[in-house]
Amino acid sequence: ILADMAISTRAAGDTRRTMALVERAMRLNPFYPDVCLGVLGETYFDLGRYEDAIETLHKRRDKADGHRLLAASYALLGRMDEARDHARQVLVVQPNFSLEHWRNVPPDKNPEPLERFIAGLRLAGLR
């Protein structure tokens, strides 16, 4: 429940509350699901903390859903080999991937992190 609430507060742009919720969820359940790491990684990305986002997403048990954010984070750090590698993995998991689709998926209140995400994915070679 805390992780779901964190997803909502992140979309609303309240990164401080999101961090508190997801960290509490992870403290209360030491066997927390990957969704906690996903929302934490997204929040780090929103804050421009790309290294933290990368470190967090690499802890996920199921790596498939993290490749988009990893590709964007590595690209925005200028680490293009890693960015392109994760971009290739995105296309393995989602062969019909398109930036236009992802531009319209998140219900984010603040468009700035989404624009950085799209720019990072484009830098990583995704279209």
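1. Basis of the note. The model is predicted, so local features need pLDDT of at least 70 and side-chain atom pairs count only at pLDDT 80 or more, while totals for chains, interfaces and linings use all residues. Residues are numbered from 1 along each chain as its sequence is written, and side-chain values use heavy atoms, with hydrogens and water left out.

2. Helices α3 and α5. Helix α3 spans residues 34–46 and helix α5 spans residues 67–76; their axes are 11 Å apart and the packing angle is about 30 degrees. Helices are DSSP runs (H or I, at least four residues), numbered from the N terminus. Axes are lines fitted to C-alpha atoms over the stretch in contact, and angles run from 0 to 180 degrees between N-to-C directions. The two helices are therefore roughly parallel (angles under 35 degrees). Contact, meaning heavy atoms within 4.5 Å, joins Gly41, Glu42 and Phe45 of α3 to Leu69, Ala72, Ser73 and Leu76 of α5. By class, these residues are four nonpolar, two polar and one charged; Ala, Val, Leu, Ile, Met, Phe, Trp, Tyr, Cys and Pro count as nonpolar, Asp, Glu, Lys and Arg as charged, and the others, Gly among them, as polar.

3. Helices α4 and α5. The axes of α4 and α5 come within 9 Å and cross at roughly 145 degrees. Tyr50, Ala53, Ile54 and Leu57 of α4 meet Leu69, Leu70, Ser73, Tyr74 and Leu76 of α5. This contact has eight nonpolar residues, one polar residue and no charged residues.

4. The nonpolar core. The largest nonpolar core has 37 residues, and Phe117 and Leu121 have the most contacts inside it. Such a core is a set of buried Ala, Val, Leu, Ile, Met, Phe, Trp, Tyr and Cys residues joined through side-chain atoms within 4.5 Å. Among the helices that each supply at least two residues are α1 (2–11), α6 (80–93) and α8 (111–123). Beyond its neighbours within four places in sequence, Leu121 is in contact with Arg68, Ala71, Ala72, Phe97, Leu99 and Leu126.

5. Thr43 belongs to helix α3 and counts as buried because its relative accessibility is 0% (buried means under 20% relative accessible area, with a 1.4 Å probe and protein chains only). Leaving aside neighbours within four places in sequence, Thr43 is in contact with Arg10, Thr15, Thr18 and Met19. Ala3, in helix α1, is buried at 9% relative accessible area.

Conventions
Parallel < 35°, antiparallel > 145°, perpendicular 65-115°, else oblique. Buried < 20%, exposed > 50% of the residue type's maximum accessible area, 1.4 Å probe, protein only.
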